[in-house]
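Reader: I want to learn how to read salt bridges in a model. Where do I start?

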Amino acid sequence: MAPLFRSPRRRLRGDLRFAVGIVLVLASVAGVWSIVTAADQASPVLQARRTIVRGEVLRASDFQTVDVALGAVSDDYLRPEQLAAGRIAARTLTKGELLPRTATAGAESSRTTTVVVESSVALPEDVATGTEVEVWQAPLRDDGRSHDEPRILVGDVAVRTVLEPDGLLADGAAEVEIVIDRSDVAAVLGAVTGGAALSVIPVGSGS
């Protein structure tokens, strides 16, 4: 015949199991709640209204404020009040991209400038502001009438503006404002004044 009562020790053991189970359930619920609460805590950060090329001055009008739940990395992105005057883009920012702190730099650290070159070949339609390109040159031969084999002149170049073809350029060539390192300016200007045929080639085009 089964005993009609439990021993105090067995009853205590059962109570402890029940208590531990309750604690585990509450801890699980609290953990889920904290994750959901953190996800709901959106922060106002800056988002680019347009593509901003490396070296450009960052202006408030180039950004809009959006509320985004970034969690632990929220401090890695700039809020509207944190965009200091005179900061420049340390790299190209695409339209719609949030502004990370690492993508900004002081104007004194800028090593880039812009020059306008005439490309002897037509540009693909998808070449636009921010497109990474290379500039190739075909130096003018000594006879002054023909050009040597093409070779790369400068790489790591970004398009600032594609100028609308006009007049003779409408036949296929194009003028492009490019962002280049200041150390490359002399080489580019030397190629232009020396009569070299320049070609702006998108990176990854297989040329």
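Author: Start with one pair. This is a predicted model. In it, the side chains of Arg111 and Asp181 form a salt bridge, 3.5 Å from N to O. The two residues sit in distant parts of the chain, 70 residues apart. Arg111 lies in the loop between strand S4 (104-106) and strand S5 (112-119), while Asp181 belongs to strand S8 (residues 174-181).

Reader: What is the general idea behind such a pair?

Author: Side chains of opposite charge can pair when their charged atoms come close. Here the cut-off is within 4 Å, so the 3.5 Å of Arg111 and Asp181 counts.

Reader: Is Arg111 buried or exposed?

Author: Exposed. Its relative accessible area is 55%.

Reader: Which residue pairs with Arg91?

Author: Glu97 does. The closest N and O atoms of the two are 2.6 Å apart. Arg91 is partly exposed, at 33% relative accessibility.

Reader: And what about Arg151?

Author: Arg151 meets Asp148 in a salt bridge, at 3.2 Å from N to O. Both partners have been classed by accessibility. Arg151 is partly exposed at 38%. Asp148 is also partly exposed, with a relative accessible area of 30%.

Reader: Which residues are joined into one network by shared partners?

Author: Arg50, Glu56, Asp62 and Arg160.

Reader: How many salt bridges does a search of the whole structure find?

Author: It finds 7. Among the salt bridges are Arg111 with Asp181, Glu97 with Arg91, and Arg151 with Asp148.

Notes
Residues are numbered from 1 along each chain as its sequence is written. This is a predicted model: local features need pLDDT of at least 70, side-chain atom pairs count only at pLDDT 80 or more; totals for chains, interfaces and linings use all residues. Side-chain values use heavy atoms; hydrogens and water are left out. Buried means under 20% relative accessible area, exposed over 50%, partly exposed in between (1.4 Å probe, protein chains only). Helices (H or I, at least four residues) and strands (E, at least two) are DSSP runs, numbered from the N terminus.
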